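I opened the notebook to look over one protein chain.

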Amino acid sequence: MKSHCPIVTDVGMKEKASKILMSYNPIWLRIGLYIVFGGESLLSSEEDNSSEQDISFLKMVIDKQFFLHSGLAKAYAYNKKVEGLYRPGYYENLGNVILKRILLLVLILDRAKSQTSLPLEYGIDGVDGGSPLLFTVSSGIKSSRQVLNDFLSSDVMHGEGNLLAHLVIVGYKVSHQQSALVEFDFQVSDLFVDLQDGVRLCRAIQLLQHEPSILMKMIVPSDTHKKNLANCGVALQYLRQAGVMLCDEDGMKITGDDVADGDKELTLSLLWNMFVHLQLPLLIDKTIIADEISKIRGFNMENLNAVNSTLLAMLLNWIQAICEKYDLKIDSFSSLVNGKAIWCLLDYYFRREVSCSCSNKDSHETRGEESIMSATDYTDAVHNFVLSQKLTALLGNFPEVLQISDLLEHNGAVSDQSVVVLLVFLLSQLIVKKNVDQLNFHKLLGCNCQNLERRHSLTRRQSASSEAVVHKKEIDKDTTEDAAKKFKAIQSWWRDMSERNYKSVVRPAGSTSYCLTARKSSIDIQRENAAIVIQSHFRRLIECRKFLKMMKAICLMQTVIRAWLTVKKHSELSKFSFSRVQEFPSELKRLVEFIVERHSFVNLRRSVLLIQQAARIWIAQRHDASYPDLVKAAIVIQKCVRGWMVRSQHILGPAHIESASLMCREIGLSNSIIEAATRIQIAWKKFLCRSLHNQNSAAIKIQSNYRGWRLRRSFMKQKQAITKIQSNFRRLKCWRAFQIAWKDFVYRSLQNQTFAATKIQSHFRGWQLRRSFMKQKQTTIKIQSNFQRLICSSAFHQYKTAARSAIIIQPHMRGWMARRKVQRYRYLIVVIQRHFRGWLVRKELMLQRSAVIKIQRAIRCLKCQKAFHFQKQAAIQIQQFIRGQITRNRLLGASSLHAATTGSCKFKMVEGLFQSFELTLVIASVLKLQRWWRDVLLFKLRTKSAIIIQSHVRGWIARQKAYRERKHIVVIQSYWKGYLARKESIGQLMDLRLRMLKSAMNVDDSRRIINRLLSALSELLSMKSISGILHICETLDMATAHSLKCCEELVAAGAIGILLKQIRSVSRSIPDQEVLKHALSTLRNLTRYPHLTEVLIDTPGSIEIILWELHRNKEEGYFIASEILKKICSNQKGVKAVRKFPALLKRLHNLVEELTRKANMEKRNPRGTVAIRENIERRLREAVELLKLITNG
C-alpha cells in the first residue's frame, strides 16, 4: 500500500472500503472476522443475522478493529494521552497490516464457500442445499476477484498493474463467482406474470422430476423476451420428454410463445397437465387406492382394474365407493362441485361411535356405528367447502387449495379441477400418510360417550376449541387484526350446526320425519342470511383496507410537509439547535430531529472534504513554490541584521571609548580602571542589542500570526456566506420542484380516477388488437425473413462461387508451374530408378529361375524314385500273393487225394480250416494296401506343406529385400534433395553467418548468459524479495539443465554452497517451497556429471541437508532429493559419506516401514483415492531403492 495509507486517512475511501466489506453476507462476514480477529461475540447464535442491529455491529467491528491496530498505535504514539498523533512509519505499517487482513479474509471466505457450495448438477446452492450466499443480493459485488480489485484499487496501492496476476504467481488464487441463478427469487406472487420468464416453470419441473440438468440450460436473469422464449422452450422440451400433453382440452397446441406472452387459459391447461402427469404419481399410488376401494366395497374387485386404469379414474372410483355408503350418486368430477361428496368423505374417515355403553345400562345404551352427517342436510356448497377445508387444515401441512374469496364469488368451487386437486391432497393425507389420528372430527361436533347433560356442554367446549385452533392457524398466516374476523359468522353458524346435529342424533326417528320440511326451510333462510353477512363483511374489509392505506399515505405526506415548513419557518437549518426541538409537538418531533441531524451531517461532511482539499492544495503549493522564497527572505534579513550589528560596533564603539578615556584621564583614573569600564560598557551594549533583536523577532512573529489569523477569519466568513447562499438556493429549487410535483400528483390522481374505466377498456381492446396484430406480424416477419434469406443466400452463393473459382484458379496455376519444374527432376530420377530396378529385378529373376529349376529337378527325381519304389513293392507283394496262391493250390490238390481215401468225415473240417486261413491272408493284404495308401497321402501332405513354407519364406525374403531397396532409394532421394536445398540456400547461410559474426563482435561481455548468471548468483543471498529469489533459482535450474559449461562455471563460482545456504533458510510457505524445489533441481542437474558430483560430496554439510529435505518433503521435493542421493550413492565415496550419518539412516529405515504400512492400509481401503495410493507407492519405491544403494554400496 501507499506510505500514507489513504484507506484510513481519507474519509471517502474508508467509507468505500467499508461498503465493499459489507457486501458480504453477514453470516459469512462474522465467520471471516472471527477467524481473523477471534472473539466469541462474533459468533452469533441468533437466527436472524441480517437485522439492522447485527449490521451496525459489524460496521462497528470493521471501523474499530479492521482499520486500526492498537499495538501499532501504542508503539508509534508521540504522547499516549493525545490520540491521533503518531511518529513517521505508523501509517505504512498499518497499511501492511490491513493488506494482510483483507487478503486473509477474502481467501478464507472464498475457500470456505467453494468447499461448501452445492454443484449445479445436484441443485441450486443455498436453496436445495449447500451453504448461504457469500454476497448479499442487493450488492453490486458478486466475486472474490471483484472484492480485491475494488478494495485494493490504484488509489490505495502503488503502481502494481494487474494485482491478481502478481498474487497468482505466489499461489494466491480466488475463484468463487456468485451466479444469478442462486439469487433468483422463486416465490410466486402473480401466477401468469411470474411464469412468463420460464425460470419458475423450469424450477417446478426440476423439483417434480428430480432432474437438475434443466438448471444448466436456463438463462438467468431472463430480462428480455428472447430469453423468456428460450427458457419456456427448454421447459416444454423436458415436459415433452416426460410424456406431458402440450395441448388444452380443445386440442389447441401450447407453445413457448403462449406461456411467454401470459395466455391465461393455455397456461392453466399446461399447469393442469403437469399436475396430472408429474405430481399426481408422486402423491398417490394405484395399489394403495385399489386396496382402499376393496376395503370400502367389501373386497368386490370385479369392476376394478388397477393396472389398466388411470389415476384419475381410480380417484373417481374411490370417491364413488365412499358416496355409495351415503346414497349419493357421483357420475363424474363435475358432480363434486356442490361439496356434498367432500363432506361425506370427511365423515367416513373421521367417524366414531355415536353412543356406547354407559354406567346406568339403559335399554338404548348400545347402538351401531352410524353417521351423524347426511348428504341431504348440507346443500350449500360454500359452507361445505369452507368447513371441510378448515377442518382438514388441522391435519398439519395441508395446502389451502380453495380460496374463500373464490368460493364466495362463484358460490362454490370454481371448477371440477380445483376439487380434484383438493381430493388428491386429502387422499395423500388420509390414506398414504395415515394422519387420521391427528383430528377427531366428531369430537369437534360434540358426539362422545357422555350423558345427555354433559354432551351439550362438551359440544360447545369442543366447538370453542376448534375455534381456537382455526383462529391460531389464521393468526400464523396473517398477522393483521382483521384476519381473525373473516370467519366469525362461519364459526357461529358451525356452533348452531353442531348443536342441531347432536339433537338430531338423540331425537327419535318419528320426530325427525315430522320436522324435516320445517328444518329445511329454516336452514335455507339461515344460510342465505349467513352468506349475505359474509359478503358484506368481506366487502367492508376490502374497502376499509384501501381507505386505511390511503389515510396512512396522506398522513405521512402531511407530517413530512409540516415538519419541513416548521423548521423553515422558525429559523435556518444551520442555526437550528436541538434544544428547540422540544418546542414542537410530538408528531413532528421525530421528523424535525431527522431533518436537522441530516442537514448538520451533510454540512459537516462537506466541510471536512473542503478542508482536506484545501490542505492538500496548500501542502502541494508550499512544497512547490513557497519554500525558495522563504529561504531567500530569511537570508536577506539575516544579512541586514548582521551588517547593522557590525557597523554599530566599528563606528560607535571607538568614539565612545575615546571620549570615556579622555574624561577618565581628566578625572585622574588609572588605565586599568578605564579599560575595565570600557569592557563593561561594551558587554552591556551587546546585551542590549541581543535583547532588542529578540524583541524585534518576537514582534515580527506576532504580526505575521495576527495577519494570518485575520486572513483565515475573512476566508472562513466568505466560505460560510457561500455555503449559506448555496444551501438557500438549493432549498428554493427543492421547494419549487416539490410544489410542481405536488400539483402534478393531484392532477394525475384526479385524471386517473376520471379515466380509469376508459383505460381498462382501452387496455383490453388494445390487448385483443395487439394479440391479433402480433400473430399477423409474426407471419409477415416469417415470410419476409424467408424471402430475404433466399435473396441473401443466392447472392452469397454467387459471391462464394466467384471467390472459390478465383481461389481455385490461383493454386492450380501455381501448382502447374511447380509441377512443370518438378517434372523435369522427377523424369530424370524415374529413369535412373527404372534402369536400376530393372537390373535388380532381372538379376533376382535369374537367380530365382535357377533355384526353381534346381528345386523342380530334385523334386521330380524324388517323385520318380518314390514311384519306382512303390511300384517295386507292389510288384513284390503281387508276386508273393500269386506264388502263395499257387503253392496253396498245389497243397490243396495233394490233400484232396488223401481226403478221398480217408473218408468224407474229415473233408468238412479241412475245408473250414482252409477258408479261415484264406480269410486271414486276404485281411493281411488289405491292411498292407491301406497302410501303403496312407503313406502315399502323408507324403503328398508333407510335400504340400513344404511348398507352402517355401513360398512364405521366399515371400518374406523378397519383402525384406524390397524394403531394403526402397529404403536405399529414399536415402538416395533425400541426399539428392538435401544437396539441391543446400545449393539453393548457400547464399542465405553465408549472409546469416556474417550477420551472426557482426552481432557477436558487438555484444557486451557482461550481458552474456554465463556472466549474468554469476552476477545473479552473487546477489542471491543478499536479496530480500521472494519473487527475485524465485526468478534467479528458476533461471539457474534452466541453465544447468541444458549446458555443461554453465554447470562448471557455477560450481567454480561457489554455487553449491550458496544453494545449500538458501535451502537451509527457506520456510514452509508456498513461495519458499517453490524456491526449494528449483534449488534442489539445480543440484540434481549438477550431479549428472561425475566430476561435479564429487565436488558436491566434498562440500561440508551437503549430504546432511539433502537427507533432511528428503525426510521433510512429501511432494515433488522428496523425489528430487531422492534422485540426488541416488547419484551420490552411485559413487563409492558418496556411499561412505552417507554412512557417516547413522541417525538419518535410521530415520530412513523408519520411513520405509511407515510407507509400507500406509501402502498396505491403502490397498485394504477401497474408498481411498487413486492419487494418494500412487503417491505413497512411488515414495516407497524411491526409499527402498535408495536404501538398497546405501546398504549394498
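My entries on the chain and its salt bridges follow.

**Entry 1: the model.** I noted at the outset that this is a predicted model. Every value below is computed from it.

**Entry 2: the chain as a whole.** I looked up the secondary structure. The protein chain has 40 helices and zero strands. I then checked burial. Of the chain's 1193 residues, 30% count as buried. The exposed surface comes to about 79,100 Å². Carbon and sulfur atoms supply 59% of that area. I also looked at contacts between residues at least 6 apart in sequence. In that set, 68% join residues at least 24 apart.

**Entry 3: salt bridges.** How many salt bridges does the whole structure hold? The search returned 18. The background is simple: side chains of opposite charge can pair when their charged atoms come close.

**Entry 4: arginine 200 and aspartate 197.** I found their side chains joined in a salt bridge, at 3.3 Å from N to O. Are these two residues buried or exposed? Arginine 200 is buried, and aspartate 197 is buried as well.

**Entry 5: arginine 1084 and glutamate 1123.** I found a salt bridge here too, with the closest N and O atoms 3.1 Å apart. Arginine 1084 sits in helix α34, residues 1070–1086, and glutamate 1123 in helix α37, residues 1116–1129, so the bridge ties together parts 39 residues apart in sequence. Arginine 1084 has 23% relative accessibility, so I logged it as partly exposed. Glutamate 1123 has 33% and is also partly exposed.

**Entry 6: glutamate 1182 and lysine 1126.** The closest N and O atoms of this salt bridge are 2.7 Å apart. Why does the pair link separate parts of the chain? Glutamate 1182 belongs to helix α40, residues 1170–1192, while lysine 1126 belongs to helix α37, so the pair ties together parts that are 56 residues apart in sequence. I looked up burial next. Buried means under 20% relative accessible area. Glutamate 1182 has 16%, so it counts as buried. Lysine 1126 has 18%, so it is buried too.

**Entry 7: a network.** I then looked for bridges with shared partners. Glu1074, Lys1077 and Glu1116 are joined into one network by such salt bridges.

Note on methods
Residues are numbered from 1 along each chain as its sequence is written. This is a predicted model: local features need pLDDT of at least 70, side-chain atom pairs count only at pLDDT 80 or more; totals for chains, interfaces and linings use all residues. Side-chain values use heavy atoms; hydrogens and water are left out. Helices (H or I, at least four residues) and strands (E, at least two) are DSSP runs, numbered from the N terminus. Buried means under 20% relative accessible area, exposed over 50%, partly exposed in between (1.4 Å probe, protein chains only). Contact means heavy atoms within 4.5 Å. Accessible areas come from the Shrake-Rupley method with a 1.4 Å probe; for residues, only the protein chains shown count as cover. A salt bridge is a side-chain nitrogen of Lys or Arg within 4 Å of a carboxyl oxygen of Asp or Glu.
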